[in-house]
Amino acid sequence: MQFRSLGLGAMLLAALAGPASAQIKAHVFKVGIGLSEDHPQAKALKFFAEQLAAKSGGKMTARVFASGALGNDISMTSALRGGTLEMTVPDSSTLVSLVKPFGVINLPLTFNNEKEADALLDGPFGQKLLATLPDKGLIGLGFWENGFRHVTNSRRPVQRAEDITGLKLRVIQSPLFLDTFNTLGANATPMPFTELYTAMEQSAVDGQENPAATILSSKFYEVQKHMVLSRHMYSAWVLLMSKKTWDSLSTDEKKTVQDAAREATLFERKTIRAFSETALTELKKAGMQITELPAAEQAKMRTKLQPVLAKFSKEFGEDITAEMNAELAKVRGAAK
């Protein structure tokens, strides 16, 4: 799908853009994503495209290729580094192979709520992570919310930590995700997201783990019966641009991209949170049986996962893990 048309509001903004747009040339950025075009991520990219067009006097825009049309997170991130694709929005875990400290975001049971995540990722800690990307051929334009992850499966309800034992669960192609679920007793199976629906449909795996918005928009309820609100990890996306593309832009063009990206970041978080609130109701209507993991059972998970936390805190960097925890402590202190 392509987003080039400007609404009335956007045309008014374009008219006001005036002189600045004279320093801007025509650009169409290809943006590849793995999720469907009705997912909040795709809607936020449409908003980004509209903002980009409005702020550039109609000269800059974005063309979005959804549902894995251009590959998965790993292959599209590689394409950005090679300069054959302009933009993508992968899960932050995809970047761990390039910059290990990105892994700390996914350490299990780290965040208590979304506001903590916003404060950490928009603050000095998050900006420090983004500043490591140019050396890898990438430009980080902001952190977008994927959300707290939950487990679904086709075999049985999960009401205790032990109920995960024996389930064959697809996970992101990441050692942290693999170790986390293997430690919880599951048979963790790495697999690209684009292959997941078919794998569940054919019972190659029993289930998976993702935020509610993804579970609904990907129609996993068609092939999954049970869902538990496990909130075992917080998941963030990173809005990325190819450094080769970035380096070809003028100062005004870069500012236009950054301004549009910031507005799209705020829009994305608001949109996905609203969508996630209604997603559980929609999933229940679609026939999924949803259980809540009690606090005592989540505490059991935390105890089981201590070796994983210790291992990956060291793997990603003990200094960066300590820095993240210190920043979170500040955030929590300020919230009281």
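The legends below describe close-up views of a predicted model. Residues are numbered from 1 along each chain as its sequence is written, and side-chain values use heavy atoms, with hydrogens and water left out.

**View 1. A salt bridge joins Glu-315 and Lys-100.** The side chains of these two residues approach to 3.1 Å, N to O, where a salt bridge is defined as a side-chain nitrogen of Lys or Arg within 4 Å of a carboxyl oxygen of Asp or Glu. Glu-315 lies in helix H12 (residues 306–316) and Lys-100 in the loop between strand S4 (87–88) and helix H4 (114–122), so the pair ties together parts that are 215 residues apart in sequence; helices (H or I, at least four residues) and strands (E, at least two) are DSSP runs, numbered from the N terminus. Glu-315 is partly exposed at 38% relative accessible area, and Lys-100 is likewise partly exposed at 43%, given that buried means under 20% relative accessible area, exposed over 50% and partly exposed in between (1.4 Å probe, protein chains only). The structure holds 21 salt bridges.

**View 2. Asp-122 forms a salt bridge with Arg-269.** The closest N and O atoms of this pair are 2.6 Å apart. Distant parts of the chain are linked here, with Asp-122 in helix H4 and Arg-269 in helix H10 (residues 251–285), 147 residues apart. Asp-122 is partly exposed, at 30% relative accessibility, whereas Arg-269 is buried, at 6%.

View 3. Elsewhere, salt bridges with shared partners join Asp-118, Asp-122, Glu-145, Arg-262, Arg-269 and Arg-273 into one network.

**View 4. Aromatic rings form pairs and a cluster.** Rings of Phe, Tyr and Trp (its six-membered ring) are paired if their centres lie within 6.5 Å, and planes under 30 degrees apart count as stacked, over 60 as edge-to-face and the rest as tilted; by this rule there are six aromatic pairs. Phe-47 and Phe-267 form a stacked pair, at 4.2 Å centre to centre and with 0° between the planes. This pair links Phe-47 in helix H2 (residues 40–55) to Phe-267 in helix H10, 220 residues apart, and Phe-267 is partly exposed at 28% relative accessibility. Ring pairs also link Phe-111, Phe-148 and Tyr-234 into a cluster.

**View 5. Arg-231 lies over the face of Phe-148.** The distance from the ring centre is 3.9 Å, and a charge sits over a ring if NZ of Lys or CZ of Arg is within 6 Å of the ring centre and within 35 degrees of the ring normal.

**View 6. Helices H4 and H13 pack at an angle of about 125°.** The axes of H4 and H13 (residues 318–335) are 10 Å apart, where axes are lines fitted to C-alpha atoms, for helices over the stretch in contact, and angles run from 0 to 180 degrees between N-to-C directions. The two helices are therefore oblique to each other, since angles under 35 degrees count as roughly parallel, over 145 as roughly antiparallel, 65 to 115 as roughly perpendicular and the rest as oblique.

How values were computed:
This is a predicted model: local features need pLDDT of at least 70, side-chain atom pairs count only at pLDDT 80 or more; totals for chains, interfaces and linings use all residues.
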